[in-house]
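I opened my notebook to see how this chain is put together. Here is what I looked up, entry by entry.

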Amino acid sequence: MENPFTDEYFMKKALQEAEMAFDKGEIPVGAVIVIDNKVIARSHNLTEMLNDVTAHAEMQAITSAANFIGGKYLKGCALYVTLEPCQMCAGALYWSQISKIVFGASDEKRGFETLGTKLHPKTEVVKGIFAQEASDLMVRFFALKRG
């Protein structure tokens, strides 16, 4: 039997979070953290609502997942996020020792890969899952803002 819990399955959950951010007027980035095919944390950007530049989707999800697990290390966990993590989020992900990061759209201006930020050596990275959908949501958001 085929495993229904694919990277695409969980990225759809992250895209749902990004849509929630969009609806709240937040930059539409969504994230979920998974362990053993179970979502243990979900979030989206909350920088406007919390008036906090660090309230990125990834940061919110890391905190939530650590609380769920009862520890600061996210070994065995996978993060699904609609946009390539920034340098700040990549740093937090490094320290969390997360096992896998799957992101949708690349961030060619502020993404950790562009800026050369290193992740934990044991962290696997998968990119481009639903990249077009994630990118389209960002383009739509900023078109409305500039409108």
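**Burial and overall build.** I call a residue buried under 20% relative accessible area, exposed over 50%, and partly exposed in between (1.4 Å probe, protein chains only). By that rule, 46% of the 147 residues of the protein chain count as buried. I kept in mind that this is a predicted model, where local features need pLDDT of at least 70, side-chain atom pairs count only at pLDDT 80 or more, and totals for chains, interfaces and linings use all residues. Residues are numbered from 1 along each chain as its sequence is written, and side-chain values use heavy atoms, with hydrogens and water left out.

I then listed the elements, taking helices (H or I, at least four residues) and strands (E, at least two) as DSSP runs numbered from the N terminus. The protein chain has six helices and five strands, and their order along the sequence reads α-β-β-α-α-β-α-β-α-β-α. The radius of gyration is 14 Å, close to the 15 Å from the globule rule for 147 residues, so the protein chain is as compact as a globular protein of that length. For the record, that radius is taken over C-alpha atoms, and the rule is 2.2 Å times the number of residues to the power 0.38. Along the principal axes, the C-alpha atoms fill a box of roughly 45 × 35 × 30 Å.

**Contacts.** I used heavy atoms within 4.5 Å as my meaning of contact. Among contacts between residues at least 6 apart in sequence, 56% join residues at least 24 apart.

**T82.** I found T82 in strand β3 (residues 77-83). T82 counts as buried, at 2% relative accessibility. What does T82 touch, leaving aside its neighbours within four places in sequence? Its contacts include M11, A14, L15 and A18, as well as P28, V29, G30 and A134.

**F141.** I looked next at F141, which is found in helix α6 (residues 131-146). F141 is buried too, with a relative accessible area of 5%. F22 and F141 are 119 residues apart along the chain, and their C-alpha atoms are separated by 6.7 Å.

**Salt bridges.** My criterion was a side-chain nitrogen of Lys or Arg within 4 Å of a carboxyl oxygen of Asp or Glu.

R42 and E17 meet through their side chains in another salt bridge, at 3.7 Å, N to O. R42 is in strand β2 (residues 38-44) and E17 in helix α1, 25 residues apart. Are these two buried or partly exposed? R42 counts as partly exposed at 41% relative accessibility, whereas E17 is buried at 4%.

My last entry is the salt bridge between E113 and K127, at 3.1 Å, N to O. E113 lies in helix α5 (residues 112-115) and K127 in strand β5 (residues 124-127), so the pair ties together parts that are 14 residues apart in sequence. E113 counts as partly exposed at 35% relative accessibility, and K127 counts as partly exposed at 49%.
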